[in-house]
Each structure stands twice: as structure tokens, then as C-alpha cells.
Amino acid sequence: MNRTLPKGHKKLLNAWAFYDWANSVYNLTISSAVFPIFWGALTILKDTDGHIINDTVRFLGYDFNNDSLISYVTALAFLVVSIISPFLSGIADYIGNKKNFLKFFCYLGALSCIGLYWFSLEHLWFGLLCYFLALIGFWASLVFYNSYLPDIAFPEQQDAISAKGYSLGYIGSVLLLIINLIMILKFDWFGFEDEGTPTRLSFVMVGVWWIGFSQYTYYYLPKGNKKDVLTKAVVFNGFKELKMIWKALQNNIKLRRYLSAFFVYSMAVQTIMLIATYFGIEELDWGDQNATTGLIFSILLIQLVAILGAYFTSKASSAYGNIKTLIAINFIWIGICIYAYTITTPSQFYIAAAIVGLVMGGIQALSRSTYSKLLPKNAVDTASYFSFYDVSEKIGIVIGMFSYGIIAQLTGSVRYSILFLILFFAIGLILLFRVPRKDS
């Protein structure tokens, strides 16, 4: 059966967007909700009043603050992704098999999520390795997923289909998280003795969901136009293409300035998204409330509000332009950081979560589609262009997570890390103001 569909075809666009439904369960369950709570329960010792007695973890012969250790592993994984993505994107565009690369990293990430079922302090190296590889699989797959956008959608379609992808991702991930939450909180309904086993099973369910639903995307996405066989020269072709694109950026002031702004503000956005639950675990006084329920509820709140955020941001960008909308969103993020520094109660955390959700979905979808629209109209090697986008994002996360880890290690509080991120948003704003507004 010939499944080749023309660019802009509704079925092709929907199949592309559906990969967000498949893979976003990783971002929600592993990055944001269940795993951070699992990590906290595993590594934090509290007294009967809920006060932290010890949050030190011994790993490779050294003692680490538990937040610092997971942030360093996270930063290291993002550093690996930022190094390998130029290799991969160049190879993918050169030999025309982006879909194969997308599949490989999807399966690597999903199987590593399943491996988290066996996470324990006794075999910490194995658990952290699975966490490490799952992160690499998720983000490396996005290099190829994002690079399909200008291939399958016309410029006037890209904002809407990008927002649709994020919305599908939020809906799918929320659905699975609700199922996981019921399993964890009502473990006796399912015949479990405690919440430990259903928590670990949630990691397995992420892997199965990710692999299973991605098959619809693979069914319709084109493989790519084969250009050559894989040789030694091709392996290093990615760096050659990046060098060519770097030179091209020097003559494209709009794209260059936008990419600089994205690098800085995305550094703060992604770091906040990764540390939000860890902040809630250690910095809030939950009193008699169930912290697990409260934290997962706040994450669900973020996801649900983010659906509206992505939709309204798409409408705002159509009315006022992408750059102006991004500027407004960055101002809101600064306000969120200032507010987050002061919060101590669950109710305040829920308020912050609702506002974060509103701007999180918007800034992600709009950042991706803005970059896509700013690419040269006749660009052929879109994966290499998108590797610049992804490398900028990943290196930014490396800087953000290392900064977070170091500040948490030195001060013993995540609050000062949150406050420090205001600097990144402020610099990002200045750079956004320097991006020419015409047709943006």
C-alpha cells in the first residue's frame, strides 16, 4: 500500500502531531510527576512531623544532595544529546532516513522507562542509567520529530499544527497520569500491598504507551529522500552541515537573533519545568495533606491549563505576531519566578502551577513554530537547521540544571535557584526586543 501523502495533507499532519500524544507521557510521568516523587521518597528521610532529617545520597563514593545529584545526571544527559544531535541530524538529512532515527531513540527511551521498574538505592547506578538513557531517547527523538514540521506542513499551517501536537501531548499524558494516580492512591483496589509497586508499574506503562501509540505516526510519516549510502564521510557530515548553517545564520539576522533569545529564555523555562516537583517536595509545608496527591494534582493542573495556553497563544500570535507574543509571555515568566520565591503553602503552589500551565504550553508551541517559519524558504536540510534549535535548547538546559544543582548544594534551598532564573528571562527579553518584527 502506498501511504505517501502530499505536504499539507490533513492525515499526514495529524499523524505527525500524534507523536506528541505518544511521547509526552515521558515528559509528564518521568520528568515532572511520578518519578520526582518516587526519587524524593527514596532519598529523603523525614521525622514524624514531616521535617527533613537527611537528603544526602551516596553515589560513586561521594555524598550528594539528592536534588543536586539528579540535576547533575539530568544535565549530563542533555549534554550528551547536544553533542550527538549534530551527528544524527546531519546523517539523517544526508541519507534520508529520519524515520529510522526517530524510531531508534523512541525505543531506547521507552525501554529505559520500563527499566526504571527496578530502580533502587542498592543498585543506584542501574536506576540512574535508565533515567539517563530515557532522557536521551526522548530528547534525541525530538530532533527528528521537530525537523519534520517544515517538511509536512506549509508555513501558514505550522503554528496551528504545532499547537495541536502539544495539545494532544497534554491530553494523552494527563490521561495516563490519572490512571497512574488512581493505581498509586488506591493500590488496594488492584491487589497491591502498598503504593510502591503501582508507582514502579507507572514507569512500565509509560514505555508501553510510548512505543504503542507512536506506530500510528510511523505509519504515515515519509522515510525521507535517500541521497547516499552511509560512509565515514557521511558520519562527519553533520558537523560540515552545521558549519554551513552557522555561516548562513550570519547573513540571516532575524533567525540569528531569535535563536540567541530562545537559547537564553528556554534555559530558564526548561529548568523550571524539570525542578517544579522537586521544589514542591522539599520547600512546601503540606501539613496533613497527602503530598503525593497534591503534587500530582498540581502537575495535572499545569497540563490541563497548558492546553488552553497553547490555543490562546496561537491566536495571540496570529493577531499580534510571534515575537510580540513571546515578549509578553517572558514578562509573565518573570512574575512567576518572583511569586514562586515567596510561596510556602500548597494553595499558593496551585496558583503558581495554574499560571505556569498557561504560559508553558504557549511558549513551547510558539517557540517551535516561530523558528520553523524563520527558516530560509528553500532550506532542504531541515534536520540540520533544527539541530541548531535543539542544541541551543539542550545546552541551555545543561547550564540551567548545573546552576540549579550548584546553588541547591551550596544553599540547601531550591528557592534561590528559582530567583536566579529571573536573570535568564531578563536577558531573553532584551534579545527578543532586538529581533526584527516584520512578518514575525
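How many helices and how many strands are there in the chain? Let's begin there, everyone. The chain has 17 helices and four strands. Please keep in mind that what we have here is a predicted model.

First, the overall picture. The chain has 440 residues, and 59% of them are buried. Now take the contacts in the chain with a separation of 6 or more: 83% of those are between residues 24 or more positions apart.

Next, the inside. The largest nonpolar core holds 141 residues. The members that touch the most others are Phe-35, Trp-39, Tyr-258, Trp-333 and Tyr-371. And which helix gives the most to this core? That is H11, with 17 residues.

Let's stay with Phe-35 for a moment. Setting aside residues up to four places away in sequence, Phe-35 touches Thr-29, Ile-30, Ile-70, Leu-116, Phe-119, Tyr-131, Phe-203 and Tyr-278.

Now find Ser-24 in helix H1, which covers residues 10-32. Is Ser-24 buried or exposed? Its relative accessible area is 13%, and the cut-off for buried is under 20%, so Ser-24 counts as buried. Beyond its neighbours within four places in sequence, Ser-24 is in contact with Gly-169 and Ser-173.

On to a pair of helices. In general, two packed helices are described by the angle between their axes and the distance between the axes. Our pair is H12, residues 291-320, and H13, residues 322-342. They pack at an angle of about 130 degrees, and their axes are 7 Å apart. H12 and H13 are therefore oblique to each other. Where do they meet? From H12 come Thr-313, Ala-316, Ser-317 and Tyr-320, and from H13 come Asn-322, Lys-324, Thr-325 and Ile-329. Sorted by class, this contact has three nonpolar, four polar and one charged residues.

Last stop: helix H17, residues 422-433. H17 has twelve residues, and from its first C-alpha to its last it reaches 17 Å. That is close to the 16 Å expected at 1.5 Å a residue. Which residues of H17 are buried? They are Ile-422, Phe-424, Phe-425, Gly-428, Leu-429, Leu-431 and Leu-432. While you look at that list, here is a handy general point: an α-helix has 3.6 residues a turn, so residues three or four places apart point the same way. As for what covers the buried residues of H17, the cover includes H11 (253-283), H13 and H16 (415-420).

Technical notes
Residues numbered from 1 in each chain as written. Predicted model: local features only at pLDDT ≥ 70, side-chain atom pairs only at ≥ 80, totals over all residues. Heavy atoms only, no water. Axes fitted to C-alpha atoms, helices over the stretch in contact; angles between N-to-C directions. Helix = DSSP H or I, 4+ residues; strand = E, 2+ residues; numbered from the N terminus. Parallel < 35°, antiparallel > 145°, perpendicular 65-115°, else oblique. Contact = heavy atoms within 4.5 Å. Nonpolar A, V, L, I, M, F, W, Y, C, P; charged D, E, K, R; others polar. Expected span 1.5 Å × (residues − 1). Buried < 20%, exposed > 50% of the residue type's maximum accessible area, 1.4 Å probe, protein only. Core = buried A, V, L, I, M, F, W, Y, C linked by side-chain atoms within 4.5 Å.
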